[in-house]
Amino acid sequence: MNVLNEWTALACKELGVDPARVDRDLILELTKEVAHGVARPAAPLTAYLLGLAEGAGTAPEDAVARLTALARDWGQAAPRTLTGD
């Protein structure tokens, strides 16, 4: 077992989360897109926001797809966000 598997298992146990519900590779791919497309510090913040969205009932696959698209489109989305359009 590697460190990432061990950490995921231990963190899930600590938080009472079923590890089968955690698509670690999907989350890592999302945070990679955000780190490279937006900014490195945005990656853990995005993972946290993803957790909040899932807790509020948003399907994780939908949320990941939307956030990934947002990160990939960051160059065009940022000016609209900053100007309020």
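User: In this predicted model, which helix does L49 lie in?

Analyst: L49 lies in helix 3, residues 42-55.

User: Why is L49 called partly exposed?

Analyst: Its relative accessible area is 42%. Buried would need under 20% and exposed over 50%, so L49, at 42%, ends up in between. L49 also belongs to a nonpolar surface patch with L45, Y48 and L52, and together they have about 410 Å² of accessible area.

User: What makes R21 and E54 a salt bridge?

Analyst: The N to O distance is 2.6 Å. The cut-off is within 4 Å, so the pair qualifies. R21 sits in the loop between helix 1 and helix 2, and E54 in helix 3, so this contact ties together parts 33 residues apart in sequence.

User: Why is R21 called exposed but E54 partly exposed?

Analyst: R21 has 57% relative accessible area, and exposed means over 50%. E54 comes in at 27%, which falls between the 20% and 50% limits.

User: How do you know that the length of helix 4 agrees with what it should span?

Analyst: At 1.5 Å a residue, its 13 residues (60-72) should span 18 Å, and the end C-alpha atoms are 18 Å apart, so the two agree.

User: Which residues of helix 4 are buried, and how do you know that they are on the same side?

Analyst: A63, V64, T68 and A71 are buried. They cover an arc of only 130 degrees around the axis, so they share one side of helix 4.

Technical notes. Residues are numbered from 1 along each chain as its sequence is written. This is a predicted model: local features need pLDDT of at least 70, side-chain atom pairs count only at pLDDT 80 or more; totals for chains, interfaces and linings use all residues. Side-chain values use heavy atoms; hydrogens and water are left out. Patches are made of residues with over 30% relative accessible area and no salt bridge: like charges are joined within 9 Å, nonpolar side chains (Val, Leu, Ile, Met, Phe, Trp, Tyr) within 5 Å. Accessible areas come from the Shrake-Rupley method with a 1.4 Å probe; for residues, only the protein chains shown count as cover. A salt bridge is a side-chain nitrogen of Lys or Arg within 4 Å of a carboxyl oxygen of Asp or Glu. Helices (H or I, at least four residues) and strands (E, at least two) are DSSP runs, numbered from the N terminus. Buried means under 20% relative accessible area, exposed over 50%, partly exposed in between (1.4 Å probe, protein chains only). The expected span of a helix is 1.5 Å times one less than its number of residues. The arc is that of the directions from the helix axis to the C-beta atoms.
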